[in-house]
Amino acid sequence: MVIIDAHCHLSPRRSKASSLVESMDPAGIDMACVFGNDNEFVAEAAKNFPDRFIPFVYFDPRYEEIGVETVEKYAIEYGWKGVKVGHQHAVARFMYPMMEKAEEHKMIVVIHSDHSIRNHPYVIGDIANSFPKVPTVILHMGGGTCFDSELLSTKIAQKNENIYLETCYSNPFAIKQAVETLGSERIMFGSDESNGGYGSRFEKPGQYQDLMLDAVRVIGLQKDQEEAVLGGTAAKLLGIDR
């Protein structure tokens with residue numbers, strides 16, 4: 001079974017990109033989807049670890065057309081398969097032109113979510129509904145800090161078949177309900193780890209990602225369901241041969 005962490009950050013302001021690999025190894029994580037607001041740093045990291053990192057282009061919808069041009073650049077010149085939308089206003093007007101580019105280049109789009117107006121699951125659901133051909137991932141399952149938002153994300157995904165849910169910080173009960181309601185092929189594991197981020201607070205490398213993995217492992221999924229959540233769903237979306 002290949003384990004893919006669908007939610008990892010890379011930043012040049014922290015330690016070397018290799019420190020993320022040093023956290024992945026003891027947790028048994030084979031590959032990670034990586035992104036950060038310095039796309040060139042992510043590109044260099046992916047070049048150095050081509051078998052471990054799956055790079056996504058970072059999109060900030062506040063920065064007018066330049067963000068859309070950046071998405072197209074990394075899709076055409078680098079062949080990247082995904083777009084990461086950060087914490088900045090998923091309701092911004094340039095979300096739609098970006099989604100058009102994602103559809104054109106067959107990219108998946110992953111969007112930070114929470115219970116705020118800017119990144120609420122309802123907002124992401126509306127965007128995904130307008131672009132049914134674009135696989136759209138609600139990061140944190142809509143919550144991480146709000147259990148109701150996690151349960152709501154499942155309901156929104158029921159109405160939009162192109163929506164997938166990612167698990168980091170989510171309540172294990174909400175993860176189990178999502179698998180039972182949507183199927184394991186619509187749920188993917190993620191940790192929100194980075195090179196020098198949350199994991200640095202723990203005593204040993206890998207402990208933070210282990211904690212995030214446990215949220216999936218403790219809920220009693222069938223073997224094939226757990227394999228899908230921990231890597232199969234992401235692998236299928238990204239065209240990765242397991």
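Predicted model: local features only at pLDDT ≥ 70, side-chain atom pairs only at ≥ 80, totals over all residues.
Trainee: What is the volume of the largest pocket, and which residues are the closest to its centre?

Mentor: The largest pocket has a volume of about 360 Å³. Its lining comprises 20 residues. Of these, the closest to the centre are His 9, Arg 13, Arg 14, His 87 and Asp 192.

Trainee: Which strands each supply at least two residues of the lining of the largest pocket?

Mentor: Two stretches meet that condition, one spanning residues 4-9 and the other residues 193-194. These are strand S1 and strand S9, respectively.

Trainee: How do the residues of the lining of the largest pocket divide into nonpolar, polar and charged?

Mentor: The classes are assigned by residue type, with Asp, Glu, Lys and Arg counted as charged. On that basis, the lining of the largest pocket divides into three nonpolar, 12 polar and five charged residues.

Trainee: How many cavities of 30 Å³ or more are there, and how much space lies in the largest cavity?

Mentor: With the threshold set at 30 Å³ or more, the count comes to one cavity. The space in the largest cavity is about 40 Å³.

Trainee: Which residues line the largest cavity, and what is their division by class?

Mentor: The lining is formed by Ala 6, Cys 33, Phe 56, Ile 108, Val 110, Met 188, Ala 234, Leu 237 and Leu 238. Ala, Val, Leu, Ile, Met, Phe and Cys are among the types that count as nonpolar. By class, the lining of the largest cavity therefore has no polar and no charged residues, and nine nonpolar.

Trainee: Which element gives the most to the lining of the largest cavity?

Mentor: Strand S5 (108-111) and helix H9 (223-238) each supply at least two residues of this lining. The element that gives the most, with three residues, is H9.

Trainee: At what angle do the axes of helix H8 and H9 cross, and which residues meet?

Mentor: Helix H8 covers residues 207-217, and its axis comes within 10 Å of that of H9. The crossing of these helices is right-handed, and their contact has four nonpolar, no polar and two charged residues. Leu 213, Val 216 and Arg 217 in H8 meet Glu 226, Val 229 and Leu 230 in H9. The axes cross at roughly 145°.

Trainee: Why is H4 described as oblique to H5?

Mentor: Helix H4 (residues 95-104) and helix H5 (residues 121-130) have axes 10 Å apart. Angles under 35 degrees would count as roughly parallel, and 65 to 115 as roughly perpendicular. H4 is oblique to H5 because of their packing angle, which is about 45°.

Trainee: Which residues of H4 and H5 meet, and what is the handedness of the crossing?

Mentor: From H4, Met 95, Tyr 96 and Met 99 meet Asp 126, Ile 127 and Ser 130 of H5. The residues of this contact divide into four nonpolar, one polar and one charged. The crossing of H4 and H5 is right-handed.

Trainee: Which residues of helix H1 meet H8?

Mentor: The axes of helix H1 (residues 18-27) and H8 come within 8 Å and cross at roughly 50°, and the two helices are therefore oblique to each other. On the H8 side, the contact involves Gln 209, Asp 210 and Leu 213. The contact of H1 with H8 divides into four nonpolar, two polar and one charged residue. The H1 residues are Ser 23, Met 24, Pro 26 and Ala 27.

Note on methods
Residues numbered from 1 in each chain as written. Heavy atoms only, no water. 1 Å grid on protein atoms, 1.4 Å probe; cavity = no way out; pocket = protein on both sides within 12 Å on 5 of 7 lines; lining within 4 Å. Points joined across faces, edges and corners; volume = space filled by probe spheres on them. Helix = DSSP H or I, 4+ residues; strand = E, 2+ residues; numbered from the N terminus. Axes fitted to C-alpha atoms, helices over the stretch in contact; angles between N-to-C directions. Left-handed = near helix turned anticlockwise from the far one by under 90°. Contact = heavy atoms within 4.5 Å. Parallel < 35°, antiparallel > 145°, perpendicular 65-115°, else oblique.
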